[in-house]
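Please open the model in a viewer and keep the selection tool at hand. The stops below follow one another, each beginning with a selection.

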Amino acid sequence: MASSRTSGILLHPTSLPSRYGIGDLGPEAYRFVDFMETTGQQLWQVLPLGPTGHGNSPYLCYSSTAGNPLLISLEQLRDRNLLEQSDLDNLPDFSVDWVDFDQVAAVKIKLLDKAAETFHAQAGPEDRQAYEEFCQKAFWLDDYAFYMALKSAHDGASWSEWDKSIARREPEAVQEWQGKLAKEISHYKYKQFEFHRQWTALKQYANERNIQIIGDIPIYVAHDSVDVWANPENFMIDPETLMPSEMAGVPPDYFSTTGQLWGNPTYNWKKLEETNFHWWLQRIRAILDYVDWIRIDHFRGFQAYWAVAEGETTAMNGQWIEAPGEKFFNVVKEELGSLPILAEDLGLITPEVLELRDQFDFPGMKILQFAFGSDSKNLYLPFNYPRNCIVYTGTHDNDTTVGWFNQLEEHERNRVLMFLGCLSPDGVHWDLIRVAMMSIADRAIIPMQDLFGLGSEFRMNTPGQAENNWAWRYRPEWINEELCHQLREMTRYSDRAPDHWYQ
């Protein structure tokens, strides 16, 4: 019978196959959507889509609203005569399994700049009109393009290290630099136009096939970002050093005796509240141009956040400060209506955080890898779920299911096998997928690595590890008829397939 239960896949676009060293918005992205449609998946969850900074983390972007130009399909640029076939014929032998971000950027940015020059010189009236309309609509574009051009002119240095006149956006310095960097600014604008055009087409293709996109909003933005440079009044910034006067993180806990010091500036919530949260409303509107659902990372920070003073090197000496979460979400609801928001409610969660989540009926997250470490009261065990939640075998920050299981102590593995009803650990990833899909949760999301049964070496991110993250890619031949059949049948029998499958 028809049901509102759904399932989907967690896969960042950089993990798609392509011969250009990084997943992009070209043919393999459409093939992935076709795979999702064939298997009845209705949710595609991606990580933040912004231009990544140090460490290539999508959670530390140069902009909270721009797109990552490295995702632009070179083949689509060739097909529109913005690049020549010869531009694509003599590229390096990129790895098919991992993204070498430095190598990819060195090659791809040059080609994107060439496409920008060709576009500005040769674009027809229809394309020019579309470009002008995009530039007028994208409220964030002028600041972003200027910021990125300035970063390039300063050899990639953070804005707080620039000459103080432009770091503080003094009008004369702004006018001077805009004149110097006019060509570079136009290139950055074009790349955002092209990203938006390609992503919008892909999203429309997915939506037409009953697939919705879940995007991700990290609660904090990077200090080295246009958001902070252009709007320092919204953040806790030392006016003398231009560095965060108050940094975000989490306090010491069982996993870390010194806590986690992220280094992002915390918000000046008083100032934001005075403006009726204007910056945040604009940010949400911009994200909704790209996605159908928003997952808010570190949702608990809207109720209270851990703040660490400037100069501290660990998160030990911080304090909890209450945030105006209820006022904020009421304003969001008044201004934008009832929004499709998912709350990342993992970690140190208090009753007040859960109350805020439930007041606005936001689905929370349940992680099966967290379910087996205690007793039957564990909230991550499926029989303790509410319907209004989203269940994962693991997230981008977790090990793969196979890697997680193999690293458990023997008695813990036996407990997992007993719960799953397995006599053998072979195929444990499918057993955990089955538990997620058959659970009462309205939504189930499976990381792509778990569908392939991959081990620890293929995980997306290891928190606290500075290098070798975010780089995994799958090979196109791994999507085969056997995988499609198994996922399709599990989706059907867990009552998570599209309505028309049951008619």
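**A helix pair and its salt bridges**

Select helices H17 and H19 first: H17 passes H19 in a right-handed crossing, a term that applies when the near helix is turned clockwise from the far one by less than a right angle, anticlockwise being left-handed. The model is a predicted one, in which local features need pLDDT of at least 70 and side-chain atom pairs count only at pLDDT 80 or more, while totals for chains, interfaces and linings use all residues. Residues are numbered from 1 along each chain as its sequence is written, and side-chain values use heavy atoms, with hydrogens and water left out.

H17 covers residues 428-438 and H19 residues 481-493; they pack at an angle of about 30 degrees, with axes 9 Å apart. Axes here are lines fitted to C-alpha atoms, for helices over the stretch in contact, and angles run from 0 to 180 degrees between N-to-C directions. Helices are DSSP runs (H or I, at least four residues), as are strands (E, at least two), numbered from the N terminus. The two helices are therefore roughly parallel to each other (angles under 35 degrees).

Next, display the side chains between them. From H17, Trp430, Ile433, Arg434, Met437 and Met438 meet Leu483, Gln486, Leu487, Met490, Thr491 and Tyr493 of H19, contact being heavy atoms within 4.5 Å. By class, this contact of H17 with H19 has eight nonpolar, two polar and one charged residues.

Arginine 434 is partly exposed at 30% relative accessibility, whereas aspartate 431, at 16%, is buried. Buried means under 20% relative accessible area, exposed over 50%, and partly exposed in between (1.4 Å probe, protein chains only).

Now move to arginine 209. Which residue in helix H1 does it link to? Glutamate 37 forms a salt bridge with arginine 209, the closest N and O atoms being 3.8 Å apart. This pair joins distant parts of the chain, 172 residues apart: glutamate 37 is in H1 (residues 27-39), and arginine 209 in the loop between helix H9 (182-208) and strand E3 (212-218). Glutamate 37 is partly exposed at 37%, as is arginine 209 at 23%. Arginine 209 also meets glutamate 208 in a salt bridge (3.6 Å, N to O), and glutamate 208 is exposed at 54%.

Finally, a search of the whole structure finds 25 salt bridges.

How values were computed: Angles under 35 degrees count as roughly parallel, over 145 as roughly antiparallel, 65 to 115 as roughly perpendicular and the rest as oblique. Ala, Val, Leu, Ile, Met, Phe, Trp, Tyr, Cys and Pro count as nonpolar, Asp, Glu, Lys and Arg as charged, and the others, Gly among them, as polar. A salt bridge is a side-chain nitrogen of Lys or Arg within 4 Å of a carboxyl oxygen of Asp or Glu.
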